[in-house]
Amino acid sequence: MTFLTLDSLAKAYGGFHAVENLSLEVRRGEFLSLLGPSGCGKTTTLQMIAGFVEPTHGGILLEGRDITALRPEKRGMGVVFQSYALFPHMTVAANIGFGLEMRGVACAERRRRIDETLELVRLGGLGKRYPRELSGGQRQRVAIARALAIRPEVLLLDEPMSNLDAKLREDMHIELRAIQRHLGITTILVTHDQVEAMTMSDRIAVMHGGRIVQLAAPLEAYERPQSAFASGFLGKTNAIRGVVEKTNPRCCEVRLGATLAHVPHEGREVGKEVHVYVRPEKIRLAPANAGGIPATVQTRLFLGNHWMLEVQSALGLLRVSQPNHGASPPEEGSAVSVLWSDDDLRVLTAEQHHG
């Protein structure tokens with residue numbers, strides 16, 4: 001059931017359109033990520049939802065109520081900023097209770113909610129400390145606790161983990177998602193981190209040029225991208241130019257140099273130029289005489305849990321990802337065969353590729 005609705009939302013600054021005609025329905029209790037590069041309009045969209053930025057046109061509805069003109073403090077939104085925005089002269093408890101005090105919550109109830117929220121974010125007993133006495137991860141938890149203490153209808157997260165190191169960020173992905181599920185709170189995350197979006201979200205809205213170019217569950221968005229931008233932004237991919245030779249109800253046959261690829265579930269016009277996409281982890285390397293596409297290993301990099309290789313083939317330079325099972329992949333300079341399963345191929349027309 002739709003809980004929060006963005007209806008043809010737009011924001012222009014002079015001749016620059018930060019967000020264009022964006023419509024989105026967010027379900028109650030959903031964790032949705034706005035994912036995209038800098039300048040795509042994701043933060044502007046979040047700020048319009050929060051009430052910090054006034055839309056040029058369009059509306060925002062919360063449970064059917066038009067909140068477009070409401071002041072931020074009247075919207076019932078909890079916001080966690082990239083900088084955390086904690087008051088350095090206030091204790092942890094005072095930071096968490098600030099929003100409650102501004103809303104006129106009685107002192108006893110305020111103390112109860114502060115203690116309850118501290119326990120929720122695993123900071124029990126630290127209420128008397130100051131932000132400077134906390135680690136980065138603890139400061140982030142305080143910022144989350146402050147947003148949750150007011151019992152918001154929607155939690156808005158503006159790249160809150162970008163200042164954390166990689167290991168702590170991964171831990172916080174798990175922890176914050178667990179808190180969100182426990183509370184059942186509708187949450188919108190702004191991020192440029194693909195792993196963060198895929199790890200935490202029920203759905204991902206991939207944004208580009210002020211618009212949503214794909215809205216889907218993480219697995220669907222990754223496995224079946226609807227544009228070259230979505231394919232390239234949601235992980236690494238190989239794009240191979242080809243021409244459609246034949247179509248049938250189940251697949252289309254695409255000529256890739258000397259190779260004929262059968263791409264499933266993709267009806268395309270015969271003779272049309274297309275780009276076939278295959279993820280690096282979907283490609284297998286076999287001995288040179290294994291019957292695949294002949295190639296030579298140019299580069300291989302060890303990344304701990306997997307290897308990344310680049311191989312030169314008749315189809316151009318291809319990236320290949322292999323899990324680390326304890327054995328080394330072929331050496332640089334080795335002759336190999338490139339193999340893939342037709343089910344792992346995706347195809348976009350030239351127009352979609354450039355769009």
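**The open sheet in its setting**

Tutor: Buried residues make up 49% of the 355 residues in the protein; buried means under 20% relative accessible area, exposed over 50%, and partly exposed in between, with a 1.4 Å probe and protein chains only. This is a predicted model, where local features need pLDDT of at least 70, side-chain atom pairs count only at pLDDT 80 or more, and totals for chains, interfaces and linings use all residues. Residues are numbered from 1 along each chain as its sequence is written, and side-chain values use heavy atoms, with hydrogens and water left out.

The protein has nine helices and 20 strands. These are DSSP runs, numbered from the N terminus: helices are H or I with at least four residues, strands E with at least two. The C-alpha atoms fill a box of roughly 75 × 50 × 35 Å along the principal axes. Of the contacts with a separation of 6 or more, 67% join residues 24 or more positions apart; contact means heavy atoms within 4.5 Å.

Now the sheet. Five strands form an open sheet, ordered β15-β19-β16-β17-β18, with antiparallel pairing. Two strands pair if DSSP finds at least two bridges between them. At the edges are β15 (284–287) and β18 (316–323), each pairing on one side only. From one strand to the next, the twist averages 45°. The axes behind that angle are lines fitted to C-alpha atoms, and angles run from 0 to 180 degrees between N-to-C directions.

Strand β16 (residues 293–302) runs antiparallel to strand β19 (residues 335–339), and four bridges join them. Alanine 295 stands opposite valine 336 in β19. Strands of a sheet pair through backbone hydrogen bonds, either parallel or antiparallel.
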